[in-house]
Amino acid sequence: MGLITLSHLIITLQVVINTVHGAPSDIQLDAKAQSTHRLDSLNLLSYTLLLILTVLTIWLFKHRRLSFVHETGLAVIYGLIVGAIIRYSGATSQVINMQVFVDETKYNSSLPPDTLSLYMPKPNPSRNLTFQYVFRNEIDDVKENEIDLKATFDPEIFFNIILPPIIFHAGYSLKRKYFFRNLGAILTYAIIGTTVSSFIVGILMYGCVQLMPIRLATSFTFLDTLYFGALISSTDPLTIIAIFNDLNVDVNLYALVFGESVLNDAVAIVLSGSIQHYGKRYQLGTGGFEIKAFFQAVGDFCGIFMLSLLIGAAMGCITALMTKYTRVRDFPLLESALFVLMSYSTFLIAEASDLTGVVSVLFCGICQAHYTYNNLSEDSRIRTKQIFELLNFLAENFIFSYIGVSMFTFPKHHFETWFIIAGFICAAIGRAANVYPLSFLLNLGRHPKIPLNFQHMLFFAGLRGAMSFALAIRNTRSEARQAMLTTTSLIVIITVIIQGGASMNLLKWLKIPVGSDEETEALSQNGGHSGNSTPRSDCNEPFGAPQRPTQNEKALLARVWGSLDSKYMKPLLTHSRPTLLETLPVCCTPLARFLTTTEQLTQDGSNSKRRDSDSDLCIEENDLSINSRINTRVSVYNRVISYCVNGAIRIN
């Protein structure tokens, strides 16, 4: 009996030993997971410390009133330092690499598999272990430091996480009154100018590449250089705009610089996508220029841009309706959460529809600021303004820090000296072709004119930034795309540090007025300029006392849209006056009454003017005569009384 019990015990111990045979490997895997977690934390800590250092240095510069370098330049410089430290110092943690040789002909270097399944032998012969790896990118050196890999982010993080709040904030904080007042010039610079600049840069770069060594010349196609022209034509004057805000530069110059940069980001990303579609979807493979494919790509550009714009505007209007006709404002936290989620979903809807989320979220931000903002509670107004301002600040500085870090840690840089030099020169020529010829054409019919010193500032404000870098890093498979990334990164770094640091001195050298209040305009009727902000005494002097712009000074598109907006859109989407009862025809009175809230009918007209001084689009309240307002108010009261009386008679 004792022998039987002992034999059972031995068998049980053998089973347990065989079962836990993998314990050492489990311990190793736990250690590997812990090491990976530690490296991830160290990576995030590095960027967090970079942002902390940037914030503290910004405070020091503002406290000491130093202006030779701006916050974005500081973020880039700190990023370069940290990237060099990561690359050249510290203990080396080798990446475990296994060489796998493929003998199936359906896989090749141009079409790698999305996942890789490795069948590893196990001590237990009954089955094998299977590991699956996800494709990341092509590598040149298998002996990489693991911290280098962790310091490199997936490019999709920029498009799906970091860029949306930056672009939305650009639309949400837009000075809409001055944006729409200069709408014609902004659209000209952003759409026509960016397109012209892209093609000029692309053509010049293709010519320069053909003069370079044969190895480089054969690496680039004409579509590659056009793509480079599109991505490098996107400007990011974050530094310039921050300085404009600090110095209170003329609001029209601010609107031209900011509006053009906001829209040309959207144009650049749609244009780059259309160039890619030209080669992938439409071209027949001849390698030459094809008229049909070209016009299909142009139609692709227009269609994607307009559909993306409509999605953004529609989501903004839907949010405005939700906040107007519900009482979600009674719960400010829920109201703010709904606002943020609806805005972010706009980007995702456009991307999921194979459109451009940047365009959608930009125009969603404009619509949210113009309509939804007026329906929000006071807490939500403050909260949404501050949260997007904070997200924009952190995201922008994170990107510029990462640009500096990636110069040392990103494995796909390819330095081609001649291509880099040509990139700097062609980018400057493309920017000049955007600003000066179009300004000359605009001044032929524009009132007031855009003076030459403002044109010089527009040219100088063409810094390259987040959008150019994000487009360049999205695809680095080929040697040509790697050279584009390196050139773009260097252009961003140099322009941000040098141009951003010299912008304040340039304002003084160009005698551009600073210290202007919001209503002071420096754009004169005759295009003159002065070096101070002294108010003018008559209409012939360059600039002067605050005046309400005359109807002729407003862009034609702005006047048309302003009339439609003030009569129909604002009464429908906000609680503003006049109501739809005043503006819609008499036959639409039942519908107008249904869409008019009690708050619109009962609010005091004298207090209906919104506190946001920038909320008026173009047609201001005092553009209407006093008699006109009195007549319309009497008319609406008569229509309401008539509607109610007739309804009571029908009920009886």
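1. A nonpolar surface patch is formed by Leu42, Leu45, Leu49, Ile52 and Leu56, with about 450 Å² of accessible area together. Patch members have over 30% relative accessible area and no salt bridge, nonpolar side chains (Val, Leu, Ile, Met, Phe, Trp, Tyr) being joined within 5 Å and like charges within 9 Å. A salt bridge is a side-chain nitrogen of Lys or Arg within 4 Å of a carboxyl oxygen of Asp or Glu. Areas are Shrake-Rupley values with a 1.4 Å probe, and for residues only the protein chains shown count as cover.

2. This is a predicted model: local features need pLDDT of at least 70, side-chain atom pairs pLDDT 80 or more, while totals for chains, interfaces and linings use all residues. Numbering starts from 1 along each chain as its sequence is written, and side-chain values use heavy atoms, without hydrogens and water.

3. Leu42 sits in helix H2 (residues 23-64); helices are DSSP runs of H or I, at least four residues, numbered from the N terminus. Leu42 is partly exposed because its relative accessibility is 39% (buried is under 20%, exposed over 50%, partly exposed in between).

4. Arg329, in the loop between helix H12 (291-325) and helix H13 (332-352), is buried at 19%. Its side chain reaches the backbone oxygen of Asn375 at 2.8 Å and makes a polar contact of 3.3 Å with the side chain of His575 (N or O atoms within 3.5 Å, one able to donate a hydrogen and the other to accept it; residues adjacent in sequence count only if both atoms are side-chain atoms).

5. No disulfides are found in the whole structure (cysteine sulfur atoms within 2.5 Å). For Cys587, the nearest cysteine sulfur, that of Cys588, is 3.9 Å away.

Technical notes. Helix = DSSP H or I, 4+ residues; strand = E, 2+ residues; numbered from the N terminus. Buried < 20%, exposed > 50% of the residue type's maximum accessible area, 1.4 Å probe, protein only.
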